[in-house]
2 protein chains.
Amino acid sequence: MSHTPGIRQAQKQRTRQALLDAALELLEGQSLSSLGLREVTRAVGIAPTAFYRHFRSVEDLGVALVEEALGSLHPMIRTTVSPAGEGEERIARAIELIAGHVDAHPAHVRFVARERHGGVRPVREAIQEQLARFTAEVGEALAGDAESAGWSEEDLLMLAQLYVDQMLITASLFLEAPASSPEARERVSRVAARQLRLIHVGRQHWLDGTGAAGSR
Amino acid sequence: MSHTPGIRQAQKQRTRQALLDAALELLEGQSLSSLGLREVTRAVGIAPTAFYRHFRSVEDLGVALVEEALGSLHPMIRTTVSPAGEGEERIARAIELIAGHVDAHPAHVRFVARERHGGVRPVREAIQEQLARFTAEVGEALAGDAESAGWSEEDLLMLAQLYVDQMLITASLFLEAPASSPEARERVSRVAARQLRLIHVGRQHWLDGTGAAGSR
DNA sequence: AATTCGGGAGAACAGTTGTTAACTGCATGG
DNA sequence: CCATGCAGTTAACAACTGTTCTCCCGAATT
């Protein structure tokens, strides 16, 4: 009887997570394509060969990292676009949320920004796929917004893409800003807020040229 | 009076360029941080030790590649923003220019997109610096535009940043689009055009809320 | 014509890499 | 309670890495 049929699998998941964590930390100073299998196992404190019990290659580990990283990004994006409050306040809140997320998971953000165009195809594609899903999700959220009345689905998606890209750029800028100086951070916030505002203004007047004179 | 620069230095610059070219080609399938010195020399056909006659390290070569890649991007950005024709036509022309540049120098574009957030600090910083210069330049160009009357310098820079980032994103999308299928290319063009248009609309109504008479 | 200079070659170095094989110990399911 | 399964280990492999030192030879300088 013994006992929780899970001591075994729990320990496995535990070292697996340790591998992911160690890799993420090592990736602070290099790209995935130069990350070595031995390097990771050494950091964790296990034999190199044990790596194969969890991943078939470092590429595989990278793909797993994508799931983890964008899994943590998922709720953030949803909350960011969620309709709440007036326009100006919404923008401020969105930026604050991004900044908070970068603070909470800097390694994840760095990983996504770096490997999005990185040298490992499967990882790149995994990121692209997830971001496409995010874009679609944001598009749906926008569709439910009053300001999106009369918008074609294609236009909603292009706007969603604009937002998602802008979000990533802003996150990356927060990451680069020295954590010590709050002024650099404030500068990033200011610029990002204005850019979001400009996009918002463009959104409000998007249909002005069309027959429907629905300004306002 | 320095005599003829010589057949000597000419040959040196020639192998130096060969190293840069070979590196750029090898970087199609990996990141700079995993590019090996021996790998590059092997591709060129010279001894590994000869590498040191031209660069102190692969990082150094990477920084040189930044100059080359963004040097070729420089005239493009300038032309793209240059005022010519009506708004809608300008957008189409800008996108065509980007597509053409990606076709002409795909490896350069890939390199910049990849290493902008890549794992090699000096290269990352070199790219950031060059992009900042571009942004400033675009800002100046925008300042000379009639549509920018009444804009603060800070706002001009944030708009310039938006444009530069958008340009890079679009270029990267063209790069990812399979060169064979013109339909994928067309799709990228369509979305990019609409995004630029939306930004343009936002720009036109940016000052609506301020003192000037307007709706609202 | 003689000498210097410098790009490149060659060999050797100490480390590192991914991957294989055969092993050990312990939680697990019968 | 015992036999199986499986995470993890140890040892070994061929291949590869960056870097140093010594040498070569042709162009440049004098």
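Helix 5 of chain A and helix 6 of chain A are roughly perpendicular to each other, a label for angles of 65 to 115 degrees. Their axes come within 9 Å and cross at roughly 110°. An axis here is a line fitted to C-alpha atoms, for helices over the stretch in contact, and angles run from 0 to 180 degrees between N-to-C directions. Helix 5 covers residues 106–115 and helix 6 covers residues 121–143.

Before going on, note that this is a predicted model, where local features need pLDDT of at least 70, side-chain atom pairs count only at pLDDT 80 or more, and totals for chains, interfaces and linings use all residues. Residues are numbered from 1 along each chain as its sequence is written, chains are lettered from A and ligands numbered from 1 in the order in which they are written, and side-chain values use heavy atoms, with hydrogens and water left out.

Chain A has 8 helices and 0 strands; helices (H or I, at least four residues) and strands (E, at least two) are DSSP runs, numbered from the N terminus. Taken along the principal axes, the C-alpha atoms of chain A fill a box of roughly 70 × 45 × 35 Å.

How is chain A superposed on chain B? A rotation of 180° with 0.0 Å of shift along its axis does it, with an RMSD of 0.1 Å. That is the relation of a two-fold axis. The C-alpha of Gly202(A) is the one in chain A nearest the axis, at 1.7 Å. Both copies use the same surface, as 100% of the contact residues of chain A recur in chain B. The superposition is by least squares on the C-alpha atoms of residues with pLDDT of at least 70 in both copies, and contact means heavy atoms within 4.5 Å.

### Meeting the DNA

Of the atoms of DNA strand C that come within 4 Å of the protein, 51% belong to sugar and phosphate.

DNA strand D is surrounded by 20 residues, with Ala47(A), Arg53(A), His54(A), Leu37(B) and Arg38(B) the closest. Sugar and phosphate make up 51% of the atoms of DNA strand D that come within 4 Å of the protein.

The table lists some polar contacts, meaning pairs of N or O atoms within 3.5 Å.

| Protein atom | DNA atom | Distance |
|---|---|---|
| Leu37(A), polar backbone atom | phosphate oxygen, DNA strand C | 2.6 Å |
| Lys12(B), N or O atom in the side chain | phosphate oxygen, DNA strand C | 3.0 Å |
| Thr15(B), polar side-chain atom | phosphate oxygen, DNA strand C | 3.1 Å |
| Arg53(A), polar side-chain atom | base oxygen, DNA strand D | 2.4 Å |
| Ile7(B), polar backbone atom | phosphate oxygen, DNA strand D | 2.7 Å |
| Arg8(B), polar side-chain atom | base nitrogen, DNA strand D | 2.8 Å |

Which elements supply at least two residues of the surface near DNA strand D? They are helix 1 of chain A together with helix 1 and helix 2 (37–44) of chain B.

The surface near DNA strand C has 7 nonpolar, 8 polar and 7 charged residues, and the one near DNA strand D has 6 nonpolar, 7 polar and 7 charged. In this sorting, Ala, Val, Leu, Ile, Met, Phe, Trp, Tyr, Cys and Pro count as nonpolar, Asp, Glu, Lys and Arg as charged, and the others, Gly among them, as polar.

Key:
Near = heavy atom within 4 Å. Polar contact = N/O pair within 3.5 Å; in protein donor to acceptor, adjacent residues only side chain to side chain. Parallel < 35°, antiparallel > 145°, perpendicular 65-115°, else oblique.
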